[in-house]
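Please read it with the sequence and the structure side by side.

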Amino acid sequence: MAALKEKRTCGQRCEDFGHFVWDSDEGKFMGRTPEKWVYISLYYLSFYAVMTSLFSLAIWTLMYTLDPYTPDYQDRLASPGVMVWPDTYGEEVIEITYNTSDKASWMKMTKILNEFLEPYNDTKQLECNNYNCTKGKYFLQKHFLGPHHTKYSCPFLQSMLGPCSGFEDPTFGYNCSMPCVIIKMNRIINYLPTNRTDVAPYVNCTVLEGEGNVAKIEYFPENGNMDPSYFPYYGRLAQPSYVNPLVAVRFSLVGAKHAKIQCRVVSEKISYENYHDPYEGKVIFSLKALK
């Protein structure tokens, strides 16, 4: 019967490990002579230097071929999405519900709209977008003639929203039954909403449910137009001061003061019947004033 292997003590194990780290008899450090350590270090240093150089060259080549102003590939929608403010989104639908007799309720809506309109302040817009645009025509720009190699952007002033600007009525109508909502069309680079420059896209709102509860619908700017001079959009880097054109819609609620509304951006190149994307070309929301 083979003899049992003698169990080594902790001190012997430490002695073996120390011998592995430095073998004074053969002059080896961790199993290799200093000469071999120099060779293997030089090999890995050269290997990783070559790999790093190849990786850096590949990244440089990729970045050199990319245009920083326009994406090479875009998973682009046929039509832009449409959003509404105040953006009080429920689980599935947008519900704009407020209480005219509860100041905290309608002040919440006022705060949302004031924060949203902050970039559209007249003074700010005239400072950063002081180019005199030609209304009624697309603002096509082939060259970067703006400051710091940018393109010009047309100013959109908060005051252009008229009674829904927050200047005439700081409550935006939410302290009564004449609330304002703001419609915004999302940006798509180089997108032109119409085939003709003399026809502007416009917002049209219809009542889907509770038609008798809406006495009047008003649009600001006039006719709910989005002037063609705000198109096309050339991207954030090319137009850092660009702001979307807006349309404010004021509803006069009567009766039960509740309605389901669809606001659509109407144009020959904007579709709105995409079942898989309910926000393409339109937005549907519920508007309810409590008391």
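Which pattern do the disulfides of the protein chain follow, with bonded cysteines counted along the chain? The points below take this up, and it should be kept in mind that the model is predicted.

1. The structure holds three disulfides, and their pattern, with bonded cysteines counted along the chain, is 1-2, 3-4, 5-6.

2. Cys133 and Cys154 are joined by a disulfide with an S to S distance of 2.1 Å, and this link is left-handed, with -110 degrees about the S-S bond. Both Cys133 and Cys154 sit in the loop between α4 (122-128) and β5 (180-185), 21 residues apart, and both cysteines are buried.

3. A disulfide also connects Cys164 to Cys180, with 2.0 Å from S to S; the torsion about the S-S bond is about -70 degrees, so this disulfide is left-handed. Because Cys164 lies in the loop between α4 and β5 while Cys180 belongs to strand β5, the pair ties together parts that are 16 residues apart in sequence. Cys164 and Cys180 are both buried.

4. Cys205 is bonded to Cys263 in a disulfide (S to S 2.0 Å), and here the link is right-handed, with 105 degrees about the S-S bond. This pair links distant parts of the chain, namely strand β6 (residues 202-209), which holds Cys205, and strand β9 (residues 258-266), which holds Cys263, 58 residues apart. Cys205 and Cys263 are buried.

5. For Cys176, the closest cysteine sulfur is that of Cys180, at 8.8 Å, which is too far for a bond. Cys176 is partly exposed, with a relative accessible area of 31%, and Cys128 is likewise partly exposed, with a relative accessible area of 40%.

Notes: Residues numbered from 1 in each chain as written. Predicted model: local features only at pLDDT ≥ 70, side-chain atom pairs only at ≥ 80, totals over all residues. Heavy atoms only, no water. Disulfide = S-S within 2.5 Å. Helix = DSSP H or I, 4+ residues; strand = E, 2+ residues; numbered from the N terminus. Buried < 20%, exposed > 50% of the residue type's maximum accessible area, 1.4 Å probe, protein only.
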